[in-house]
Amino acid sequence: MLLPWSPPCKVLCRSCAVMGKLQSKLKHSTYKYSRPDGILEERIQTKACQEYSPAHVDTVSVVAALSSDLCVSGGKDKTAVAYDWKTGNVVRRFRGHEREITKIACVHRSSQFFSASRDRMVMMWDLHGPSKPRQQFSGHAMVVTGLAVSPDSSQLCTGSRDNTLLLWDIGTGQCAETASISRNLVTHLCWVPQEPYILQTSEDKTIRLWDSRGLQVAHIFPTKQHIQTYCEVSEDGHKCISCSNGFGGEGCEATLWDLRQTRNRICEYKGHFQTVTSCVFLPRALALMPTVATSSHDCKVKIWNQDTGACLFTLSLDGSGPLTSLAVGDTVSLLCASFSRGIHLLRVDYSQGLALREVAAF
């Protein structure tokens with residue numbers, strides 16, 4: 001007889017031992033979950049979670065992958081940090097913002113990246129360059145909440161709570177285009193690979209597709225019932241995910257959209273109990289199916305079957321506080337920023353079915 005579905009529950013106990021500069025935390029975790037066929041299973045795992053040297057001294061707002069072993073993060077300490085997450089070492093710290101860093105955007109196959117802040121500024125940095133920003137972009141009247149770099153790295157699009165999008169020439173630092181829509185409080189921007197289009201989410205519950213040639217709205221997706229907090233585009237540019245705020249399970253979802261001609265809603269991922277802050281497409285790697293991952297203020301990271309919307313695994317990062325950002329590190333690694341415990345290094349494990357484990361925090 002099939003048992004009724006029940007949400008994952010987790011019992012956790014920790015013992016800690018100091019190991020030089022690293023602190024190892026032994027986690028004994030019991031997972032109870034329902035398989036797609038309705039059978040309730042229980043998994044027990046015991047893993048050592050290493051505590052690396054911390055990247056930040058306060059809440060981490062955003063993390064992004066710069067390369068296959070380096071990430072860049074920013075937060076309330078006003079500092080952008082380049083970090084080698086494979087060795088647990090800070091590579092470099094970048095200081096220049098006067099308030100919290102809100103967004104990071106990395107230039108593809110480059111040592112350069114951009115940071116946006118509540119100080120209304122955007123700064124361009126080079127990992128191997130001087131300590132001062134290579135370029136500064138000033139044009140918004142409020143906090144900058146969106147950053148997207150064009151596929152050819154020649155243009156930067158920025159968005160803000162001031163209802164505007166600005167398109168910049170990265171080489172000259174000059175603003176080339178401006179667009180403003182009433183109540184369009186930008187929450188995130190991402191550029192569609194190999195296309196002149198920019199995807200944008202907003203507090204007005206709308207997802208817009210902008211044509212960078214003139215910075216005009218090319219398409220508006222069906223309005224959702226809740227604020228859209230984040231968006232991500234697949235590598236092939238055919239699909240995108242958006243996620244929404246919410247509480248008590250109302251809202252708290254991610255939605256998969258077709259970016260091609262129909263631009264229809266394909267699937268929804270429901271199961272978080274608080275605002276979903278980030279969503280990413282996972283590399284195919286060893287997976288037998290396309291998957292996506294989400295992070296939420298409910299301290300959980302979930303992996304979903306992209307096509308069916310079934311939740312395949314839930315990892316609860318107890319003590320982390322709200323999760324703020326999620327990035328793909330490499331084919332089997334995720335980086336997850338949190339309110340209280342810095343950045344979590346997560347490993348996707350396919351050895352005994354699909355699982356997600358925390359292996360380090362910094």
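The model is predicted. The protein chain has 33 strands and zero helices. Of its 362 residues, 54% are buried.

**The chain as a whole**

- The accessible surface of the protein chain is about 15700 Å². Carbon and sulfur atoms account for 50% of that surface.
- Take the contacts in the protein chain with a separation of 6 or more: 40% of them join residues 24 or more positions apart.

**A four-strand sheet**

- Strands E12, E13, E14 and E15 make an open sheet, in the order E12-E13-E14-E15. Their pairing is antiparallel.
- Strand E12 (144–149) and strand E15 (174–180) are the edge strands. Each has a single partner strand, so one side of each is left without a neighbour in the sheet.
- From one strand to the next, the twist averages 20°.

**Strand E14 and its two partners**

- Strand E14 spans residues 164–169. Five of its six residues are buried, which leaves E14 mostly covered.
- On one pairing, strand E13 (residues 155–160) is joined to E14 by five bridges, and the two run antiparallel. Within this pairing, Thr158 has Leu166 of E14 as its bridge partner.
- E13 and E14 form a hairpin, with three residues between them. Asn163 sits in the turn and has a positive phi of about 75°.
- On the other pairing, E14 and E15 are antiparallel over six bridges. Leu167 stands opposite Glu177 in E15, and Asp169 stands opposite Gln174 in E15.
- E14 and E15 also form a hairpin, here with four residues between the strands. In this hairpin, Gly173 takes a positive phi near 80°.

**Nonpolar cores**

- In soluble globular proteins, nonpolar side chains tend to be buried together.
- The largest nonpolar core in this model has 18 residues. Leu334, Leu346 and Leu356 touch the most other members.
- Which elements give two or more residues to this core? They are strand E28 (300–305), strand E29 (311–316), strand E30 (323–330), strand E31 (333–338), strand E32 (343–349) and strand E33 (355–361).
- Leu346 can be followed through its contacts. Leaving aside neighbours within four places in sequence, Leu346 is in contact with residues including Val301, Leu315, Leu317 and Val332. The list also holds Leu334 and Leu356, which are named with Leu346 among the residues touching the most other core members. Ser333, Cys336, Arg357 and Glu358 are in contact with Leu346 too.
- Another core, of 15 residues, lies apart from the largest one. Among its residues are Val63, Ala327, Ile343 and Phe362.

**Aromatic pairs**

- The structure holds eight aromatic pairs.
- One of them joins Phe114 and Phe137. The pair is tilted, with 5.9 Å centre to centre and 55° between the planes.
- Phe114 lies in strand E9 (residues 112–117), and Phe137 lies in strand E11 (residues 135–138). The pair therefore ties together parts that are 23 residues apart in sequence.
- Are these two residues buried or exposed? Phe114 and Phe137 are buried.
- Elsewhere, ring pairs link Tyr52, Tyr83 and Phe362 into a cluster. Phe362 is also listed in the core of 15 residues.

Key: Residues numbered from 1 in each chain as written. Predicted model: local features only at pLDDT ≥ 70, side-chain atom pairs only at ≥ 80, totals over all residues. Heavy atoms only, no water. Pairing = 2+ DSSP bridges. Axes fitted to C-alpha atoms, helices over the stretch in contact; angles between N-to-C directions. Phe/Tyr/Trp six-rings, centres within 6.5 Å; stacked < 30°, edge-to-face > 60°. Buried < 20%, exposed > 50% of the residue type's maximum accessible area, 1.4 Å probe, protein only. Contact = heavy atoms within 4.5 Å. Areas by Shrake-Rupley, 256 points an atom, 1.4 Å probe, with all protein chains shown as cover. Core = buried A, V, L, I, M, F, W, Y, C linked by side-chain atoms within 4.5 Å.
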